[in-house]
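Here is a short walk through a structure with more than one part. Keep the sequence and the 3D view side by side as you read.

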Amino acid sequence: MKRFFSVALGILTAIGGFVDIGDIVANAETGARFGIAHAWVLLVGVVGICVYAEMSGRVTAVSGRPVFDLVRERLGPRMALANLAGSVLVTVLTLGAELGGVGLALQLATSVGYLLWVPVVAVVLWAALWRAKFSVLENVFGLTGLALIVFVVAFLHLGPDPGQLWQQAAHPGPPQGEDWGTYWFFAIALFASALTPYEVFFFSSGAVEERWTARDLITSRINVFVGFPLGGLLAFALMLTSATVFHPLAMSVDSLSQVAMPAVLALGELGLAAALLGFFAATFGAAMETGLSAGYTVAQYFGWSWGKLRRPREAARFHTVVLGSIVAGVAILMTTIDPIQLTEYTLIFSAVALPLTYLPILVVANDRGYLGNRVNGRTANALGIIYLIVIVAAAVAAVPLMATTRMGAG
Amino acid sequence: MLLGFDLLDRQIVDRDGQPVGKVDDVELGYDADGVPRISALLTGQRVLGRRIGGGLGRWIAGVAHRLAGPGDRGPVRIGIEQVGRIGSAIDLTVSRGDLPEPPLETWLREHLIGRIPGAGHES
């Protein structure tokens, strides 16, 4: 029974934890501008994160080592250092974007400017990572993130036109007034939002902290194959509501308050409250995960002791990196860059860095030295290779598309 | 055993499973018959910096050297006799406390992390 609850909790946390500021922004923006003509991209992204999260969960459960730990052994110290630099840069940028998202959610709830909230949020975040029991935090924020279900309810309330939505989904491509360049630009942002690199680092490091063994493989798979797709459903609800409300009016979404608007239209103040709670929990939860992930990757490259379960003084280098990345995240926001814009840039940089994360996972998941007979089967390898091709294509196209479409402005 | 594939860059953990560092380099010696043998594992940013090479490598090694201070005894050396099993990590037969502590960890604990309230509490 206890096991059942832990699995159920894992699933619920994965659902709430899947959505972060990147998913919120990318889904709402594409929904408004393109209807749900990008629905297939979200589906492709969710399957991709499932394929690779399953691999990294398996590697960790069987070998007892987190994925990034093994990356250096297989890439060598130089390549792995370049990989580390890219991953940490993207993770810290993401942390900045998540902090900005928390600030914006609080601004909407209190009318106090987000820049005033950011330092407060950063201190609370740091204190949480310093002292609080992580499993409790993860569960609290994962469960609270489920408040985003309000967008599913709102979608049903809004009385959408299924025929028209089906028309958009079944005919992928730019609607009138948009071109293929912006269509693909947003496709890449959406894809990157589903496959955010910190998710796999966090997933496998968390598994080490919870001392998973080969017996936990089934738990890992259930979390991944049930939790992430349901999380993807919440992201899809954001796209659907945005497509229902904003697309017919040819409006674009460029603030968090607009993302919440469909929930307000459908359910009034209660809808607003649930949406803000969901945004807050999803972004704060993701800020915790990115802060820890920066520490995990650096410590695992150098072989330092790391983790939430150790006393901070026994993992001084790890905690210094975590502290440093929170400070860096705050510093990025203090340049007064718009957090939504920061999120857009972060997604594009993530897309560029994706091969750095996913190629080594595929290599390690085929290594009998670590995994014995638990190496990738044919299906996992076929999917892994197909996705790697897609990931590389997205990485190569990201910057040229960013330049030619001027960040999707067309 | 392939040196580059099975030993270099692998995580070293002590007998309690606590991380010690990575195998940043190995020390080779010769036995009585003149056959080269691995005599020790070396770990620490100084050795790593040498392997990375170039300006960046020199910088990493330089910082590590400065942090080690005047009583610098060189990189952490783990004699091959202290190595137990080699699996997905390298298990030592000794405890982490018996080995010299990496200077960066000591410095950060004394100057930053250890000074923050709650540093000694498990969460």
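Begin in chain B, where three strands form an open sheet in the order β3-β4-β5, with antiparallel pairing. This is a predicted model. Two strands sit at the edges of the sheet: β3(B), residues 25–30, and β5(B), residues 76–79. Each of these edge strands pairs on one side only. From one strand to the next, the twist averages 35 degrees.

Look now at one pairing inside this sheet. Strand β4(B) covers residues 36–43. Four bridges join β4(B) to β5(B), and the two strands run antiparallel. To find the pairing by eye, go to B:A40, which stands opposite B:G79 in β5(B).

Chain B has a second sheet to follow. This open sheet has four strands, in the order β2-β1-β7-β6, and its pairing is mixed. Which strands of chain B form its edges? They are β2(B) and β6(B), and each pairs on one side only. Neighbouring strands here are turned against each other by 25 degrees on average, direction ignored.

At one end of that order, β7(B) and β6(B) are listed side by side. Strand β6(B) spans residues 83–86, and strand β7(B) spans residues 90–92. They run antiparallel and are joined by two bridges. The two strands form a hairpin, with three residues between them. Both bridge partners can be picked out in the view. B:I86 has B:I90 of β7(B) as its bridge partner. For B:V83, the bridge partner in β7(B) is B:L92.

Step back to chain B as a whole. How many helices and strands does chain B have? The count is four helices and seven strands. Read from the N terminus, its elements run α-β-β-β-β-α-α-β-β-β-α. Taken along the principal axes, the C-alpha atoms of chain B fill a box of roughly 55 × 35 × 25 Å.

Helix α2(B) holds residues 45–52, and helix α3(B) holds residues 54–68. Their axes come within 7 Å and cross at roughly 170 degrees. Angles over 145 degrees count as roughly antiparallel, so α2(B) is roughly antiparallel to α3(B). The crossing of α2(B) past α3(B) is left-handed. On the α2(B) side, the contact is made by B:Q45, B:R46, B:L48, B:G49, B:R50 and B:I52. The α3(B) side of the contact includes B:G54, B:L56, B:I60 and B:V63. By class, this contact has seven nonpolar, five polar and three charged residues.

Now turn to chain A. It has 16 helices and zero strands. Its C-alpha trace spans about 55 × 50 × 45 Å along the principal axes.

One helix pair shows how elements pack in chain A. Helix α2(A) covers residues 21–34, and helix α14(A) covers residues 339–364. Their axes lie 10 Å apart, and the helices pack at an angle of about 95 degrees. Angles of 65 to 115 degrees count as roughly perpendicular, so α2(A) is roughly perpendicular to α14(A). From α2(A), the contact takes in A:I21, A:G22, A:V25 and A:A26. From α14(A) come A:I340, A:T343, A:E344, A:T346 and A:L347. These contact residues divide into five nonpolar, three polar and one charged.

Finally, bring the two chains together. In chain B, 27 residues are in contact with 27 residues of chain A. Which elements give two or more residues to the side of chain B that touches chain A? They are β1(B) (11–13), β2(B) (19–22), α2(B) and α4(B) (103–111). The largest share, four residues, comes from α4(B). By class, the side of chain B that touches chain A has 10 nonpolar, 10 polar and seven charged residues.

Definitions and conventions: Residues numbered from 1 in each chain as written. Chains lettered and ligands numbered in written order. Predicted model: local features only at pLDDT ≥ 70, side-chain atom pairs only at ≥ 80, totals over all residues. Axes fitted to C-alpha atoms, helices over the stretch in contact; angles between N-to-C directions. Parallel < 35°, antiparallel > 145°, perpendicular 65-115°, else oblique. Left-handed = near helix turned anticlockwise from the far one by under 90°. Contact = placed C-beta atoms within 7 Å. Nonpolar A, V, L, I, M, F, W, Y, C, P; charged D, E, K, R; others polar. Pairing = 2+ DSSP bridges.
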